Structure formats: C-alpha cells, structure tokens
Amino acid sequence: MLSNLKYMQGVKGLKDIDIEGKRVLIRVDFNVPVDSHGNITDDRRIRSALSSINYCIDHNACSITLVTHFGRPKGKYDEKYSLKHIRKRLERLLNRRVEFIEDFEKSKDEIATCSLERVFLLENIRFREGEKQNDEQLSQKLGSICDVYVNDAFGTSHRKHASTYGVADYAQIKVAGFLMMREIEAFSKALENPLSPIALVVGGAKISSKITLLKAVLQKIDKLIIGGAMSNTFLKAMGYDMKESLFETDYIDTANEVIQLARENSVKVYLPVDVVVTDSIERSVDVKVVPSQDVLEGFKAVDIGPATVKLFSEAIELSNTIIWNGPMGIYEIDKFSKGTFKIANAIADCYAYTIVGGGDTADAVDRASEAENFSFISTGGGASLELLEGKILPGFEKLDRKDS
Ligand code: ADP
Ligand code: MG
C-alpha cells in the first residue's frame, strides 16, 4: 500500500496540465496572523502562493481567481475579516493590480472575459455559510467560474470545506499548486524514513482541534513536548488548579487518554514544571514565575518558565527529527515571549531535521530571527499534524492523478 505521502505526491500539479486560455481558480490560504490593529504580522502564506499565481500569469491563463478564508467569521459578512487589506499586500508582492470581488456570482461574466491575465481576489469565502459545511451548491457555484481548479491552500488542506474539497467535484481539471507539492516533499523527507528519536513539540491555543490528533501520532514519535495553552489542559488533567489560565474543560479526559496512551507506547511526555503567570494579559501589573502546580489565585499561565525551557531544550537537543507546532506562550506580547523564542533557538541549534508549522508558530520563528535555521517552515499547523498521523489530506483527495 502507498503511504499517505506517496499517494499525495501522485496528484497532478500545474506543470502537468495546459492552462493557456483557461479560467483558473486557485484556493490559496491567506489566513495570515494580524495584530490588534489588523496589520499583517507575517505574510509568509501570501508569499508562498506567489509561485503558483505567477506561473498561471506566465502561462497565459485567461483569468486567475483567488479564493481564501481569513479568520473565523460566523458565515456572514464581518468588516473585521474583510480581505481588503490582504489585497493591498498581495498587490505589492505580486507587483500588479488585483481586482476585488465582493460577490463572485455577479462577476461571473467578468471572470470569463479573457484579457490581460487578470487577477481577481474573492471576498472571504467564510462569509458564506456553505463554506464550512462543504455545501454542494456553493461547491457547484465555485466550480462554475473555472475550467481549472488549483488547490494551493496547504494550511487548510486538512479541512473538507466547499472551496478546499467539494469544488473539486465540479471542476473539469483539478490539480495541486506548487506550495502543496513543496510541503508534501518536505514532509516526505522528514517522515518517510525518519531518523529517531523523533520529538513532537506542541503548544498554542487551538486545543480542541489538535488534542485528539495527539492520540493518533503517538505511535510515530518518541517524545511529546507540550507547552502553551495546550499544556494548561494537561496540567489541569493532572489535578493542578490552573486558576484563570486558558484551558479546555471538555478535553481534560482526552488529555488523560493521551498521557495513558503515551505510557503504553513508551513515548516520553514533557510538561511544564514552571510557568510564567500574570494577573492580566493586556494590562499586567504582576508577572511571576511559579511551579506549575502553584498558579496564584486570579492569575493565568501565559508562558513556560526557565526551568521548563531547560527541561524542554535538553529533550530537544537529543532528538534527530523535530516537528514543532504551537507557541509556548503568548509570544505576541514581549513579556510572555521568552519561552517560545528560547525553544525556537533550541530547535534551530539542533543537528536534526527540523520542521515548524502553523501560522503563529512560523511568525514566532521569524520574530526569533531563526527562520533560516530550520530545515523547513510549513504553512500548515493542523495539516502537518494530520500528515504525521498518516492521513491523506482531504485537499489532495479529489485532485487528478498522474497515473490516470
Ligand atoms: P498555530 O497558528 O501556529 O497553529 P495556534 O493558533 O494553535 O498556533 O496558537 C497560537 C496562539 O496561542 C497564539 O496567539 C498565542 O498567543 C496563543 N497562546 C499560546 N500559549 C498561550 C497561553 N498559555 N494562554 C493563552 N494563549 C496562548
Ligand atoms: Mg494560529
């Protein structure tokens, strides 16, 4: 049987088809991290999509229409999540005009008129209720505005949404973009014949969507190192009172199952022994380092402490393959960024194959000035964990194959 990675390597890419004169729809992932004023803090995801877009321009596509989601709007218009400012950044990076389309059904004819290889950007696809439900009608509508569907949204390729999955049923030709293929190649290098010990470092705040994945990857790894808000849920599961810290009550049982399964699979689990706590995230008056079991009344854990940095760094140093997703703390705020940056340094210093994934984690690595020192920076967080788990990502499932 083909491994999941080999299967995904078998899909057709842009170079396997002829796009001249065709309407090309590219599902990109421009879900970039932004600060509290809405400024883009890391445009890696946009830059990563340029190779596919430029290829279509150079090969005389009739028109190029880009679709992406951004943030988590509730299936309806929300100014905060409009793609208007993302369009500006894209225009600058692409060095050409990008036309903004609020409602693609109304602009159907325009997209079909071939002239000057026009580039269109559709408004946030998650403003439509059908997107996350993989609604057939929406999939069909998207399919009807293109001759070629290109999926290049690696960061969202683990989702079965209308624009990442359903649409492929309604497009004549459907292929992977260059970013998708680059990602799969890098993960193949790390995961096909991995050098052990293999360490998985996880953190961040998307607990519910990632914690169940941990159970599935335990057979593939030797060490599981947990920080960030993710670790608060595990510490809570161990019976520690995490007070005001961010954790997910509904997943405490899952955390216990992960710990139990890790034991059965002889995977060593590392959790914070000390944490940085604060009375307030935005207006902190009091910031302290305390043992993980002694979070003060009214305080929350927002970073790993120095003893934990040392513990984690030692575990990292002795690994030959390291996969990292999720910051160790609220790295966006200077005072709470030390743990994340030190772990970035520790992984970067390692003589190992090192992959970092996730929008925020990649941003943190950049801020730590370590981007050059990783083997590969993936645009996918959840997607990379699912690859590790051995899954065929839905975003690849319906694409044309080279062997058919
Ligand atoms: P990625 O985008 O790399 O996949 P996530 O989105 O899962 O990572 O998590 C990143 C977010 O987690 C960051 O915004 C960071 O501030 C937050 N975070 C990390 N640790 C904590 C913590 N202890 N408490 C609250 N938020 C945290
Ligand atoms: Mg994130």
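Predicted model: local features only at pLDDT ≥ 70, side-chain atom pairs only at ≥ 80, totals over all residues.

Me: OK. How many residues surround ligand 1?
Reply: There are 20 around ligand 1. The closest are Ala205, Lys210, Glu332, Asp360 and Thr361. A residue is near the ligand if one of its heavy atoms lies within 4 Å of it.

Me: And how do those residues divide into nonpolar, polar and charged?
Reply: The shell has 8 nonpolar, 8 polar and 4 charged residues. Ala, Val, Leu, Ile, Met, Phe, Trp, Tyr, Cys and Pro count as nonpolar, Asp, Glu, Lys and Arg as charged, and the others, Gly among them, as polar.

Me: Which backbone atoms does the ligand meet?
Reply: A backbone N or O atom of Ala205 lies 3.0 Å from an oxygen atom of ligand 1. A polar backbone atom of Lys206 is 3.2 Å from a ligand oxygen. At Ala229, a polar backbone atom is 3.3 Å from a ligand nitrogen.

Me: How much of ligand 1 does the protein bury?
Reply: Taken alone, ligand 1 exposes 580 Å², and the protein buries 89% of that. These areas come from the Shrake-Rupley method with a 1.4 Å probe; for residues, only the protein chains shown count as cover.

Me: Which elements give two or more residues to that shell?
Reply: Helix 8 (228–237), strand 12 (300–304) and helix 12 (359–367). Helices (H or I, at least four residues) and strands (E, at least two) are DSSP runs, numbered from the N terminus.

Me: New topic. Which residues of helix 5 are buried?
Reply: In helix 5 (residues 136–143), they are Leu138, Ser139, Leu142 and Gly143. Buried means under 20% relative accessible area, exposed over 50%, and partly exposed in between (1.4 Å probe, protein chains only).

Me: Why do they line one face?
Reply: Seen down the axis of helix 5, the buried residues fall within an arc of 140°, so they line one face. The arc is that of the directions from the helix axis to the C-beta atoms.

Me: What do they pack against?
Reply: Strand 1 (23–27) and strand 4 (118–122). The face turned away from the buried side carries exposed Glu136 and Gln137.

Me: Now Ser319. Buried or exposed?
Reply: Ser319 is buried, at 2% relative accessible area. It sits in the loop between helix 10 (306–317) and strand 13 (321–325).

Me: What does its side chain reach?
Reply: The Ser319 side chain makes a polar contact with the side chain of Lys223 (3.3 Å). It also reaches the backbone oxygen of Ala315 at 3.0 Å. A polar contact is a pair of N or O atoms within 3.5 Å; within protein, one must be able to donate a hydrogen and the other to accept it, and residues adjacent in sequence count only if both atoms are side-chain atoms.

Methods
Residues numbered from 1 in each chain as written. Chains lettered and ligands numbered in written order. Heavy atoms only, no water. Contact = heavy atoms within 4.5 Å.
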